[in-house]
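Have the sequence and the model open while you read.

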Amino acid sequence: GDILDDYSRTDGVWVLTRNKQFYETNNEKECAAKCEAERNFTCRAFLFTRKKLQCLTLAENTKMTVAFTSTDTVLYEKIIYLMQCKRGIGTDYRGTEAKTQRGIPCQKWAEKTPHKPNYTPEKYPNAGLEENYCRNPDADGRGPWCYTTDPATRFDYCAIPECEDQCMQCNGEDYRGEVSRTESGLECQHWDVQEPHMHGFILKHYPEKDLKMNYCRNPDGELRPWCFTTNPNKRWEYCNIPRCTTPPPVSGLDSQCLSGKGEDYRGRIAITESGNACQHWSTQFPHKHGWIPDRYPCKGLEENYCRNPDGEKKPWCYTTNSNIRWEYCTIPPCDRTEQGIAGMNNVPVQAPPTEECYRGKGQSYRGTASVTASGKKCQAWSSMFPHRHLKTPDRFPDADLRDNFCRNPDGDSSPWCFTTDPNTIWEYCNLKRCDDHTQQ
């Protein structure tokens, strides 16, 4: 791979450092090669200035020293020295934890008191035995350790967390790491602000999605974690989160009956409630779609079985009838209560009458209003002009994203739409609540 893949990039940042070496190089890759070959100290990062083509290899990184703004400078930090967690038994852990699990400060590896060490920087030059940082030079099965400064305790293990949040399982819906840059290096926009991009992913509406700071997340069932960017010209972008090498934890037995919304249903029913056969998930005929099994490895998209990969109200499938794109399936309930048995009836769902007011948050609104609160015309949901977006009829098949009618597919506070004004991405619609007169 690219030599820069092992580095985290930050534009416009300089770090205050004591140990550094200057080199003349033509580009960042040459500078990275200098960092890899540095023999005067352990190179944890490097600075590259575009105008001067100057390369500075550094012993410190942002975990160890002060950073400040500097235009025309790019800081590259070795990811391994930024990680404060361990992978496996932590033989490659190069973090800065320097106390034991009981809180006793570690003895420096190069010192001989209060304990004479068997493992020293001279004997093990590739083990990262710097300062008094916790390390695992002997591949101890219990992980990183250190000699302690307590004369009564020769060594002890360190409390280094596992790097479970540094990678993603499935499509990263449960990723809770702290990556906050996109795959092209753009800084993520904070979820709790609406600049430069307005959006509906508000923490109070998605309390279980952990929309903290500007960390990459996957709150809407995308292929992988993403974020809105701080670049006004790039609304959103995926983040480069590695896939975990360990299999995802088993979340109980795969259900053969309907429990809740049926997201864990893994039975073999493959016919819709009106009797249409289901289309195979791996095919694109008669209906093209984005639920491709290889892209969504944990959704159980096998054969043509009914599934609920997107949090619909119950399992569904695309049909083999070219005139009917998709339908719900009738799955036997796990809890055969009166309500469950009633749900077995093949009674077609009746659409509510068209109305020009909304109830609750307006997620059930199916009216034909298509003008925003400020009078702007709505953009059609299936259109990507003037605004590219994710709220398409394919992704939200039960949200009735027809034409350019106001809708609320993402649980916002009221119906909204993207606008046809290139300078205004979206706005709430010019609609009132049906029960306004009952509100206190």
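Is Phe228 buried or exposed? Phe228 is buried, since its relative accessible area is 4% and the cut-off for buried is under 20%. Keep in mind that this is a predicted model. Rings come up a lot in it: the count of aromatic pairs comes to 29.

**Trp191 and Phe201**
- Trp191 pairs edge-to-face with Phe201, with 6.3 Å from centre to centre and 75° between the planes.
- Both residues lie in the loop between strand E7 (155-157) and strand E8 (226-228), so this pair ties together parts 10 residues apart in sequence.
- Trp191 counts as buried, with a relative accessibility of 2%.
- Phe201 counts as buried too, at 3% relative accessibility.

**Trp191 and Phe228**
- Trp191 has another ring partner in Phe228: the centres are 5.9 Å apart and the planes sit at 70°, so this pair is edge-to-face.
- That pair links distant parts of the chain, with Trp191 in the loop between E7 and E8 and Phe228 in strand E8, 37 residues apart.
- Why does the pair count as edge-to-face? Its planes are at 70°, and the edge-to-face label applies because planes over 60 degrees apart get that name.

**A cluster of rings**
- Ring pairs also join Trp109, Tyr119, Tyr124, Trp145, Tyr147, Phe155 and Tyr157 into a cluster.

**A charge over a ring**
- What sits over the ring of Tyr81? It's the charged end of Arg44, 5.2 Å from the ring centre.

How values were computed:
Residues are numbered from 1 along each chain as its sequence is written. This is a predicted model: local features need pLDDT of at least 70, side-chain atom pairs count only at pLDDT 80 or more; totals for chains, interfaces and linings use all residues. Side-chain values use heavy atoms; hydrogens and water are left out. Rings of Phe, Tyr and Trp (its six-membered ring) pair if their centres lie within 6.5 Å; planes under 30 degrees apart count as stacked, over 60 as edge-to-face and the rest as tilted. Helices (H or I, at least four residues) and strands (E, at least two) are DSSP runs, numbered from the N terminus. Buried means under 20% relative accessible area, exposed over 50%, partly exposed in between (1.4 Å probe, protein chains only). A charge sits over a ring if NZ of Lys or CZ of Arg is within 6 Å of the ring centre and within 35 degrees of the ring normal.
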